[in-house]
Amino acid sequence: MAEYRKVVAAVDLSAESATVVKRAVSVAGESGEVHVVFVQEPMDSVYMGVVPYGPVFVGLDQVEQKLREELESRMRKLGEAHAIPRSRQHILDGNAAPEIRRFAEDNEADLVVLGTHGQKGVQLLLGSTANSVLHGVCCDVLAVRIRED
Ligand code: AMP
């Protein structure tokens, strides 16, 4: 079996992230290193709320700031739970699949681990992060089946 030394665990920071990181840690073994990567996707820069006298535009700077803090806190907790040092916890900005591929390539990763829900029907047509990462990635990919229960 190929040796996976540098392993990227791509997480969405939801509850299922623990499953993905656990698998990455087990594949990397004692001698490997796991990098946990979350990609924050762009929010629309304005929110349009309709009020009686017409539409108003509310800047989302504060909302984005709060969200960022929450995501950083989740990443820290996830890292602590799985003994991943801060230097291997990464929050990137952009679109998830291309950023994950770019990170894997720039860091010469041997394996990307991510979750998959076994999409069916219309979800399959729309694609998932796991499907998108596969297209053009520089290394092996391990899709960990996430059980909905
Ligand atoms: P999804 O395609 O949203 O069902 O997500 C499937 C898996 O892709 C998740 O379990 C994560 O492993 C990974 N993933 C989804 N969104 C992100 C994200 N924003 N950053 C990093 N990985 C992600």
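Predicted model: local features only at pLDDT ≥ 70, side-chain atom pairs only at ≥ 80, totals over all residues.

Me: What end-to-end distance should helix H1 span, and how far apart are its end C-alpha atoms?

Reply: H1 covers residues 17–28, which makes 12 residues.

Me: Which residues of H1 are buried, and within what arc do they fall?

Reply: Buried here means under 20% relative accessible area. The residues of H1 that qualify are Ser17, Val20, Val21, Ala24 and Ala28. Looking down the helix axis, they line one face, because they fall within an arc of 95 degrees.

Me: Which elements do the buried residues of H1 pack against, and which exposed residues sit on the face turned away?

Reply: The packing partners of the buried residues are strands S1 (6–10), S2 (33–40) and S6 (111–116), along with helix H2 (61–81). On the face turned away from the buried side, the exposed residues are Lys22 and Ser26.

Me: Which residues lie nearest the centre of the largest pocket?

Reply: This pocket has a volume of about 350 Å³, and 20 residues line it. H1, S2, helix H3 (96–106), S6 and helix H5 (129–134) each give two or more residues to the lining. Nearest the centre are Ala10, Val11, Asp12, Glu16 and Thr129.

Me: How many residues of each class are in that lining?

Reply: Sorting the lining of the largest pocket by class gives three groups: nonpolar, polar and charged. Their counts, in that order, are 10, seven and three.

Technical notes. Residues numbered from 1 in each chain as written. Heavy atoms only, no water. Helix = DSSP H or I, 4+ residues; strand = E, 2+ residues; numbered from the N terminus. Expected span 1.5 Å × (residues − 1). Buried < 20%, exposed > 50% of the residue type's maximum accessible area, 1.4 Å probe, protein only. Arc of directions from axis to C-beta. Contact = heavy atoms within 4.5 Å. 1 Å grid on protein atoms, 1.4 Å probe; cavity = no way out; pocket = protein on both sides within 12 Å on 5 of 7 lines; lining within 4 Å. Points joined across faces, edges and corners; volume = space filled by probe spheres on them. Nonpolar A, V, L, I, M, F, W, Y, C, P; charged D, E, K, R; others polar.
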